[in-house]
Amino acid sequence: MDQGDYLLTNLLPGLRDVRAPLSTGCIWLLTLWLILEDRVPTPQKAHGVWASLYRLGDLIGPAGVLAAGAFLAYLIGAMLAVRVVTVNAREAPKAARFRSGGTALTPRVSRLAYDDLVSFLQDQERLPRPASEGTAAAHPEHERGERLVAGLAVRDILGETRQLRTKLLIASYDLFNEYDRAVGEAEFRKNVSYALVGLTATLSWLQSPWWALLVTVSARLYIAALGSEQAANDVIVQAVVAGLITPLSITGASGVPAVPTRRGLQQVRGLPSTE
């Protein structure tokens, strides 16, 4: 890797952190300007604070005004930004959703990544193997319980995202960069979609209700943000399956593993313990 590639590699994560708040801040500034434009005095009629601002603008010139506006936009965007860290311990219950009539609790991951992680946990004897068709038909409550345990196990692992992303950085920088790129895209798209909703509402109120059609752009960006969140979660899941990182849910914290062990599986199946 030459020096140019090295600098670019280290610059990209920083640009991803700045892009979302700066872009959304510019949209919110534009929205604020549309609302307050009639109340802003001209340079000839300005007095007090407005007169001071006009004089300051003359002193620093157009480039300085542009830099100050960009900094103000970044501050506004940073204050109003919605951070996306895929799924963490506190956000896991909110990010999870129910499938199959409320019997399978599953976080926001692709079906392929979810199945891979479930198979991995089954190989580790932390989750029960799927029951045969005859057994499932005879004991449907066991099947529902096992699916619920599988969903909770996957959610608990993704609940360690804040810690797992650091482990991933140490284990594989390239894979971490892929995860960080997906998170950056999710943050950018989600925050821009929120800011566009505010701009759309302002334009519809001040100009014409036809501006409300812009909400379709916001909806499309939000859906794309959910896809990027899922892609980021998938990177974490595949890193766990590949053995690059090991969640505490598997190794156990303070001797109490979060993912069921063999004894827990026997209780789920309703089998007597061998201990």
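1. A nonpolar core is taken here as a set of buried Ala, Val, Leu, Ile, Met, Phe, Trp, Tyr and Cys residues joined through side-chain atoms within 4.5 Å, where buried means under 20% relative accessible area, exposed over 50% and partly exposed in between, with a 1.4 Å probe and protein chains only. On that rule the largest nonpolar core has 25 residues, and those with the most contacts inside it are Leu117, Leu121, Ile157, Leu168, Tyr179 and Val240.

2. The model is a predicted one, in which local features need pLDDT of at least 70 and side-chain atom pairs count only at pLDDT 80 or more, while totals for chains, interfaces and linings use all residues. Residues are numbered from 1 along each chain as its sequence is written, and side-chain values use heavy atoms, with hydrogens and water left out.

3. A second, separate core of 6 residues has Ile27, Val192, Ala195 and Leu203 among its members.

4. Which aromatic rings pair? Rings of Phe, Tyr and Trp (its six-membered ring) are paired if their centres lie within 6.5 Å, and planes under 30 degrees apart count as stacked, over 60 as edge-to-face and the rest as tilted; the count by this rule is 2 aromatic pairs. In one of them, the ring centres of Phe176 and Tyr179 are 6.3 Å apart with the planes at 40 degrees, so this pair is tilted. Phe176 and Tyr179 lie 3 residues apart in helix α8, which separates them by about one helical turn. Phe176 is buried at 11% relative accessibility, and Tyr179 is buried too, at 0%.

5. The rings of Tyr194 and Tyr222 also form a tilted pair, because their centres are 6.1 Å apart and their planes stand at 40 degrees. This pair links distant parts of the chain, with Tyr194 in helix α8 and Tyr222 in helix α9, 28 residues apart. Tyr194 is partly exposed at 33% relative accessible area, and Tyr222 is partly exposed at 31%.

6. The charged end of Arg19 sits over the ring of Phe188, 4.5 Å from its centre; the rule asks for NZ of Lys or CZ of Arg within 6 Å of the ring centre and within 35 degrees of the ring normal.

7. Pro128 belongs to the loop between α4 and α5 (133-138) and is buried, with a relative accessible area of 8%.

How values were computed:
Helices (H or I, at least four residues) and strands (E, at least two) are DSSP runs, numbered from the N terminus.
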